[in-house]
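Keep the sequence and the 3D view at hand as you read.

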Amino acid sequence: MVTNPVYRVGVLGLGREGINTLKFLGAAGIKSVGLDSKSATEWPAKDLRQLKRLTAELWLGRNYLAGIGELDIVFRSPGVPLDLPEVKKARRRGVVFSSLMQIFFELCSAQIIGVTGTKGKSTTVSLIYHLLKGRLPGKVYLGGNIGVPPLKLLSRLTKRDWVVLELSSFQLEDLAVSPAIAVLLDVSPEHLDRHKSFKKYLEAKSNLYLHQTKKDWLIASADHSVTRAVMHRAKSRALPYSTYKILPRGLYIVDGEIVYRHYQTKRRSVVLKREQLPLLGEHNLENALAAIATALVAGVKPQMISKRIGRFKPLKHRLELVGGLGRVRFVDDSLATTPIAAIAAIKTIPDQLSVIIGGVSKRENINELIHALNDSRVLGVVLIGKSTARFKRELKAAKVTTPYRSAPDLKTAVELAYKYLRGEGTVLLAPAFASFDMFKDAYDRGDKFKQIVRELVKQKL
Amino acid sequence: MRRYHAPDPWLILSTLFLVGFGLLMVSSASVVESYQATGSNTHYFVRQVVFAAIGLVIWFFIQRFDYHKFRPLATLGLGIALVLLLAVFIPGLGFSAGGSRRWIGAGDLTLQVTEVLKLSLIIYLAYWFERKGSRVRGLYTTFLPFVVLMAVIGFLVIAEPDMGTMAVISGIALAMYFAAGANLTHFFTVIIGGTLAAWALIKATPYQAARLLTFLNPERDPLGAGYHITQALIALGSGGLFGLGFGHSRQKFDFLPEASSDSIFAVIGEELGLIGVALLVILPLAIFVWRGLRVAKNAPDVFGRLLALGLTIWIGWQATINIGAISGLLPLTGVPLPFISQGGTSLVFVMIAAGVLLNISRQTIQDKGDEDPFGWWGNIWSRFTGIVGGAGNPKRRA
């Protein structure tokens, strides 16, 4: 069937990134085969028309992988698992698997800063971008999940430019190149259902630094045993940062000052005061330190960092203050999609609070979250989503004294949470889980929350 | 997850130095006693080396054991200590020496229970005061229970009798009570009440009264009650500024009682002189106490702060009482010099205390003083060890 050599390129997974790949290949004059597990009837007519225009052939539906062995190169979207039996078989037959990231890394002439980790990638990436922008000889671009699709940048980049990329573990899975500055944030077990085990997850992340050379940089936390182990293994120059340790070289905090000890000379210099940081919470402190370390390594002067950092605006749905009603504040942390992130959010709120929690639970351990909810500051817990039953069970088992109720939708949840506070405190949306049961995604959940809060405020005023 | 950073290097150095120096001095001071008791010059010394090795191993493991885990053990520990304290009075189980019952056990394996008591009391008080929170200022919530607890312990310890240990324990408990934020009226009431009780006790028991009179006037009875202190002062005096030289003590030849345990300070003074004592005993102990108090100041929580303070005061106060007694500044009592005196229980429990303190020092909130704990000397230290600023180096490179 596939006779023309041009046809022997496949794009596996036709989501957002898949379509970007198709467009990029199309611009280079290559019409490829599109593969996706969704059958033709499941696609909206408009999308299907676009796909047909972009591809030479579409292999959709149940047997979409049947012909994968006939292709030469397959560009895989990060959402598609690498260990499907057909994919494994095709790899053994010599089919080359690549991805958009791989092409980008290979063709990019600019310096790449790659950020990965379980939590706080986006905050770190945007802070790095904020600190670098306009402070370096070349131009600085923001790519990845929150910026422009990287391939669109490719033609514009020169040697002096910088690209800041957010790399998920799925993107790193089969990457055979490493960025010039690799930033590894806290690594903790998330996405366990996809990555089978924590060890495999770590292995996936290891592509971030495995292909680095001696001239490259690895910036990682000295506070976690996993990232410490990574620093030992890397060939590149490893620069640690820490929120509570004093380091011989690297970035750390002492007496409220953020101190940098030069990588080679170990000379001490104070970069800025801790109060100057615009971000809330302990976990954001780590992100800020990682970003500052990256900026220093990239060649931004410490005075510039201390000048610019105050003007950084925190991201949407990340501990974002969305409204106030009397002495009640509403905080949206919809992107807290893991128990760990939810715990961090609860710890960040200084006064009494009520928490809206729940979603689609994965296999994560929620013992610590239950423990965090059993705090005298937490006046009430409102449960939403599919995880409600599980929460009820575990809250009961742990004999938690905090009152809790379940709500059918977000609107009643907000009202219940508001009532728990009796006029003073913070309503916190920290779902701890993914959102697919009631919302499109975590952003949608946050937007709905905002809208409800706005209506509630209007109603009560 | 507990947040560990590098331990305090001064604490490690002073602990290791004191243990090593203690072994050295025991090897000299115990020769005569050992020969007379067992027929071998080195028997006591070898036993002390074994205990030092056990102590070091325990020290190493205790410093890895998160001190917060002592919280649930606090009450149990104190209970065990009190039971042991009672067990001393059971005939066949308790041993007496020098007129007081302080040991339990059989044959060569004995346990000085007051050491267990000191450690468990410190842990218990730290836990108890932390739990009190702001109620620590209350009369019924803290003051009265505290007085009752101290009275029970005081009764048991004085019944042994062991006034020296009682002085150490009350010093530790008062310091912790004060540091926990006691009401000053209550605090001074405890001090005055305790002093009056001690005075009454001394008046009532002829043995204690004799000791006090001897302290006020050692020449009164140089061959009876004043014998010990007179011999100790002769030892210190003949040592002079520079001492007679290591191993050249004459007082250890049966003139000085307890030459290798409670009186070892006199032997050190005789052999190494005032300067030797100041540099090799008092300075390291002072460094230990200084760093211990610093650890207490920077500890991450109230439990850690009180625990570090109690342990530090234990070492510092017991050393002060021992040295003060031997040099005639305080009434003579039988407490060992921490780290140095011969005696297995004391050494092992002091090492446990040092280990717990070291663990707290790994969890402190570090300040600028921790960046360069050795100042200028730090350059030399880091040249040899690769460790800068008291922190572990995540990646060592040439």
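In which sense do strand S2 (residues 32-36) and S3 of chain A pair, and over how many bridges? They pair in the parallel sense, over five bridges. This is a predicted model: local features need pLDDT of at least 70, side-chain atom pairs count only at pLDDT 80 or more, and totals for chains, interfaces and linings use all residues. Residues are numbered from 1 along each chain as its sequence is written, while chains are lettered from A and ligands numbered from 1 in the order in which they are written.

**Terms to know**

- Helices (H or I, at least four residues) and strands (E, at least two) are DSSP runs, numbered from the N terminus.
- Two strands pair if DSSP finds at least two bridges between them.
- Strands of a sheet pair through backbone hydrogen bonds, either parallel or antiparallel.

**The five-strand sheet of chain A**

- The strand order in this open sheet is S3-S2-S1-S4-S5 (chain A), and the pairing is parallel.
- Strand S3 (55-60) and strand S5 (96-98) of chain A are the edge strands, each pairing on one side only.
- Neighbouring strands of this sheet are turned by 25° against each other on average, direction ignored. (Axes are lines fitted to C-alpha atoms, for helices over the stretch in contact, and angles run from 0 to 180 degrees between N-to-C directions.)
- A:Asp36 has A:Leu60 in S3(A) as its bridge partner.

**The nine-strand sheet of chain A**

- Nine strands make this open sheet, in the order S7-S8-S6-S9-S10-S11-S12-S13-S14 (chain A), with mixed pairing.
- Its edge strands are S7 and strand S14 (268-273) of chain A; each pairs on one side only.
- From one strand to the next, the twist averages 20°.
- Strand S8 (residues 162-166) of chain A has five of its five residues buried, so it is largely enclosed by the rest of the structure. (Buried means that 20 or more other C-beta atoms, placed from the backbone, lie within 10 Å of the residue's own; exposed means 12 or fewer, and partly exposed is in between.)
- A:Trp162, A:Val164 and A:Glu166 point one way from S8(A), while A:Val163 and A:Leu165 point the other way.
- S8(A) pairs in the parallel sense with strand S6 (residues 111-116) of chain A over five bridges, and A:Gln111 stands opposite A:Trp162.
- S8(A) also pairs in the parallel sense with strand S7 (residues 140-143) of chain A, over four bridges. Here A:Val140 stands opposite A:Trp162.
- S6(A) pairs in the parallel sense with strand S9 (residues 181-184) of chain A over four bridges, with A:Ile113 opposite A:Ile181.
- Helix H5 (residues 121-132) of chain A lies across S6, S7, S8 and S9 of chain A, at about 165° to S8(A).

- Strand S15 (residues 320-325) of chain A runs antiparallel to S16(A), joined by five bridges.
- One residue sits between the strands of this hairpin, and A:Gly326 takes a positive phi near 65°.
- Strand S16 (residues 327-332) of chain A has five of its six residues buried, so it is largely enclosed by the rest of the structure.
- S16(A) pairs with S20(A) in the parallel sense over six bridges.
- Helix H13 (residues 339-348) of chain A is mostly covered, with nine of its 10 residues buried.
- The buried residues of H13(A) pack against several elements of chain A, including helix H11 (282-298) and strand S20 (424-429). (Two residues are in contact if their C-beta atoms, placed from the backbone, lie within 7 Å.)

**Helix packing in chain B**

- The axes of helix H5 (residues 113-132) and helix H12 (residues 302-326) of chain B come within 8 Å and cross at roughly 150°.
- H5(B) and H12(B) are therefore roughly antiparallel. (Angles under 35 degrees count as roughly parallel, over 145 as roughly antiparallel, 65 to 115 as roughly perpendicular and the rest as oblique.)
- H5(B) also packs with helix H13 (residues 344-361) of chain B, at about 10° and with axes 9 Å apart.
- That makes H5(B) roughly parallel to H13(B).
- In this second contact, B:Glu115, B:Val116 and B:Leu119 of H5(B) meet residues of H13(B), among them B:Phe349 and B:Ile352.
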